[in-house]
Structures are given as C-alpha cells and as structure tokens.
Amino acid sequence: MKVFINKKIPETGIKMLEEAGLEITVPEKENLSYEEWLNYCKNTDTLVSIGAEFKYDRSFFEACPNVKAIALYSVGFDHVDIKEATQRNIPVGNTPDVLSRATSDVAFLLMQSVARRASYNFRKVKDGSWGAFDPLHALGQELYGKTLGIFGLGRIGYEMAEKSKKAFGMNIIYHNRHHNEEAEQELGAAYVSFEELIKNSDVLSIHANFTPDHKELFNESIFEQMKPDAIFINTARGGFHNQKDLYQALVDQKIWGAGLDVTNPEPMSADDPILELSSVCILPHIGSATIEARNGMARLAAGNIIAFSKNEKMPHCANPDVYSAHSS
Ligand code: DGY
C-alpha cells in the first residue's frame, strides 16, 4: 500500500511505516505547489497530511479517486470536508492528546507574555531603546486570582485551566457544547453562557474546534462587551477572530491585550499594524512545536495508516461514523 507524506516528519513515524512494509513517498522539495501536491495525491492510496494550506474538499476527492485514507498530522481537521470524506468511506485520522500539553503551554506563555508586555519589552532591548528606569512605563498586570474564561473546554482547554489555576489561583469559567464534569470537579470550573464568558473573563482563551459557524465569532461586537483590562488569547484557529476588529479594539482600549499563536489570515502579513502594538504577542502557529509533541503526532499518524492497512479502525479518527457506514 502506498503512503504519500507531503513533508518530512519525525523519524519515529517513518520507521513505523517502514516496519509495516508500506511504500512511502516523501518529496525532496520542501513546499510543494498545489499542482505538485495534487499529482502526488493522485498516485497514492493513503496520505499522511502535514499542514492545512490545501483543502480536502469535493474537488480534491473527485480528482484523487485512489485515495482511501487520510492521516492528518494535526488534531484540527477544519481543512477537511468530513461529510464528503465519510460519504466516500474515507477515514480521516487525527492526532489528539499528544499535543495538548504543548499547545496549552503556548496559551499559558502568551497569557503571561501579554500580561507583562514581553514582546514589546524584548523589542526595546533589541532596538537599543531600553532607557532609564521609569516607574510608570509599560506596566503589566498580575494574573493572581483573576478569572480565566475558556471557550471550548476539551483536552487543551483543560490543561490551560489547570496550569492557570495552579500557577495563579485563577477562577475558571467556561463555555462549551457540553458540561465538562472533570473540570467542574477537579478545578471548580463553572459553566457559563457565552455572554457571561465574554463579560466576566479577565483572560479569554479559545480552545474549541473550529467549524464554519465559528467564523470571526470574536469580532467588534464581542470585543466591545469584554472588560477593558481583558486579555484575548487564541491558540486554536485564526478564523475564530476578525483581526482588523481585534486591532481596533486594542487601539481603542476596548480590551487590554492579545496573544495569538494563530492569525487571520495565516501566515499574516509582516506589515500588519497589529504587530506594532505594545499590547500583543504573536507567534507563528507553534502550539505543537515541541520534540515530544511532534514525535507523538508522527506515531499517531503512522499508527492510523498502519491500522487502515490492516483493515482495522483508525485508533484516532475524526469521522468514526465512517465505520458504521462501512458495516451497514
Ligand atoms: C493542530 O494539530 O491542529 C495544530 O494546530 C497543528 O497544526
């Protein structure tokens, strides 16, 4: 069985696929054009898919009828038309859990970086504009006892909430599709309405799966309702926020600061005026970028392909319905 992997991944995953006797193709070229990528996809049975720049939509599936399974090298699957894949009996694997710590670490890092204006202060050192001690300049804020609002309290949100509670004794409120009983019991997290989340959070951190109805949910009208000293954190998907509205809310001091590991668009322009603000810290989507998480992702992606090659269910599948469709 052929496996196309569009970029190099950690060796541990490649080894697993080799040991399973699968025929692996990894292009030498680092960043394939859409046409180059599609040509490889047309000639493979399965894919380990890295990155989200190319979409798995109906036109993809029509162009690549040989593709029988996709193992994403990500937990997020918003670049895949899951309904279309399921209708075509194509399982789509993903990589949950192994990156929860790393991604929540980045949310926690951004929360502190923004609270203490770390990016701005780093820039001052680099620019040679350190200057004399100033009792009033670039003051941050402390997080002790403040309220952390989590939008989407799954595995990553839980880790963020736990760290914030342990480090700063933060109160946790959350809004989610379902109650998270573990978080309520272990962390004293309180379920609130979306409106309450927006109005009562000192730090608002997004950890939900992105779906089309979330598109730019965090926009002018939401920033307007937040506390003026609130910090907005997005490590989930850039599509959750309207970046121009976010910029304006920061300029108008509707909110206090923002930490982004995901931007809208992504990659964002280096000329975006938001980068000039002292109240932001922006990273280039590095949530899962640790050796541990990336090795774990490689193992899960390889495990999904190997299971498929043996006619078994993918252990980590974004469209488990595909299996009930098969059996019916
Ligand atoms: C994920 O796994 O979804 C992360 O965003 C890395 O792509």
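The model is predicted, so local features need pLDDT of at least 70 and side-chain atom pairs count only at pLDDT 80 or more, while totals for chains, interfaces and linings use all residues. Residues are numbered from 1 along each chain as its sequence is written, and side-chain values use heavy atoms, without hydrogens and water.

For residues 4-319, an unreviewed UniProt entry lists "domain: D-isomer specific 2-hydroxyacid dehydrogenase catalytic"; such annotations may be inferred rather than shown by experiment. Over residues 4-319 the chain is 37% helix and 13% strand, where helices (H or I, at least four residues) and strands (E, at least two) are DSSP runs numbered from the N terminus.

Side chains of opposite charge can pair when their charged atoms come close. A salt bridge is counted when a side-chain nitrogen of Lys or Arg is within 4 Å of a carboxyl oxygen of Asp or Glu, and the count comes to 12. One of them links K29 and E36, with 2.8 Å from N to O. K29 is partly exposed at 43% relative accessibility (buried means under 20% relative accessible area, exposed over 50%, partly exposed in between, with a 1.4 Å probe and protein chains only).

Another salt bridge pairs E84 with R58, whose closest N and O atoms are 3.3 Å apart. Because E84 lies in helix α4 (residues 82-87) and R58 in helix α3 (residues 58-63), the pair ties together parts that are 26 residues apart in sequence. E84 is buried at 7%, whereas R58 is partly exposed at 48%.
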